[in-house]
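Reader: Could you walk me through this one slowly, since I am new to it?
Author: Gladly; here it is.
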Amino acid sequence: MLTIPGTSRKVHYRRCGSGPALLMVHQSPRSSAEYEELMRKWAPHFTCIAPDTPGFGQSDPLEDEPEIGDFAAALGQFCDALGIGRCAAYGFHSGGVILVAAIKQRPELFSCMAIGGYAVWTAEEMTIFGESYLPQWHPSAYGEHLTWLWNRMLEQSWFFPWFDIRDEARLGVAHADPQRVHRAIMEMMDSGNAYRAGYGAVLRAPRDLPGNDAPVPPALITAFEGDPLLPHLGRLGDLPANWSAHPVATPEEHHAQSLAFLQQLGGGAPCPDLAEDSDEGWLALEHGLVHWRGHRGAEALSLHRPAAEMDLSENLAIDVPGHGLSGKADDIGAAIEAAAKALGAQRIDWSTPPDGDPDLLYPDLTTDRFGNYLHRAWSASRAEAMFAPWYAASPDNVIEINAAALEPAAIHRRARARLRAGSEARRYHHLLQEIHGG
């Protein structure tokens, strides 16, 4: 995590590998998480650095109604704050649009650039998009918004635009992969309605590519069969003399050609040490990654309850392994103790497990083909503000109503925490029972 100097805006970024720096900018409405696998593949060649663009993932949004120039300027601010100097860059779809805008503002930031698909919309296509492409998206009291979200994310691989249900709009990459849809669902749950700002800025961005004699770094643009932006390669017009664009057969070929291009032109000095905040980050422990926030050396490390996330009001807290933004651990207890030691905490404040049967407290949230698991998470998160335990809906189990806990945004946060934890919540519950002698 990195706070941009002179502002309170935080940028979350992933990093992986060694060698020269490579900046990787994701598409909308996703996050840097979409690059995890690719970063591991390219790690032997580059220090891969992938920020969440403002308003996506764990990065703060920009103020007001930003346009593409604002996102480009924010990317430049991030590079400056990070301290990486001139580097190579890669962007896919929306990420490429942001990079082109940034390279026009500050060409000195980049040594070269590879792009996967670059959109050049016609006036007719923009009319079709209209307001339908980016509807308002807010949590609703009974979770109806999740039904829309599941189908929107599923069907965007069937049709483009996702709402244009015509044979002419069908895509050649249709799938019904629940895990793939789930990843996009979770990223949208992080962004919320802020997704409209970032995605909207990209859609509205003028497609005025640098001219033939523009003094810009070299760039390669490719698109593969099945990519809805493949036909857009013919719309690019005249490009700078050191730019090229052509189709490829597969995503794998796109990645291979992009990497070869970046290796040829993006070499240089090893990446310097990267700047990061001193009050939040991730511990790379033997047991896995642990997300923490607060003040190192605090007396106590605070732990949240199962199926929840860290309490931001505490002096020092973590997302328990398998929860929040922390990775899973084979031994949750050992991972927590290692985190406490690494953070300099004198003791661990173990939370008390909630009353109830763990098998009922934490229902099966396995991703399914129809998105039913989303509604199980929402229903449990709503009911826990009315009954204790939440599954015992009887007069003997009512609790005093807290109106704030029943606000849709509050239920949304609890449901997201449940979805992130999944079956790990039950494992953590059993650990707490052992610790407290239950």
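Author: Helices (H or I, at least four residues) and strands (E, at least two) are DSSP runs, numbered from the N terminus. This is a predicted model, in which local features need pLDDT of at least 70, side-chain atom pairs count only at pLDDT 80 or more, and totals for chains, interfaces and linings use all residues. Residues are numbered from 1 along each chain as its sequence is written, and side-chain values use heavy atoms, with hydrogens and water left out.
Reader: Okay, where is His-254 placed, and is His-254 buried or exposed?
Author: His-254 sits in helix H8 (residues 251-265), and His-254 counts as buried because its relative accessibility is 1%, where buried means under 20% relative accessible area, exposed over 50% and partly exposed in between (1.4 Å probe, protein chains only).
Reader: Which residues is His-254 in contact with, leaving aside neighbours within four places in sequence?
Author: Taking contact as heavy atoms within 4.5 Å, the partners of His-254 include Tyr-90, Phe-92 and Ile-115.
Reader: Switching topic, how many aromatic pairs are there?
Author: The count comes to 15 aromatic pairs, given that rings of Phe, Tyr and Trp (its six-membered ring) pair if their centres lie within 6.5 Å, with planes under 30 degrees apart counted as stacked, over 60 as edge-to-face and the rest as tilted.
Reader: Why is the pair of Trp-42 and Tyr-90 edge-to-face?
Author: The planes of Trp-42 and Tyr-90 are at 80°, with the ring centres 5.3 Å apart, so the pair is edge-to-face. Trp-42 lies in helix H1 (residues 36-42) and Tyr-90 in strand S6 (residues 87-92), so the pair ties together parts 48 residues apart in sequence.
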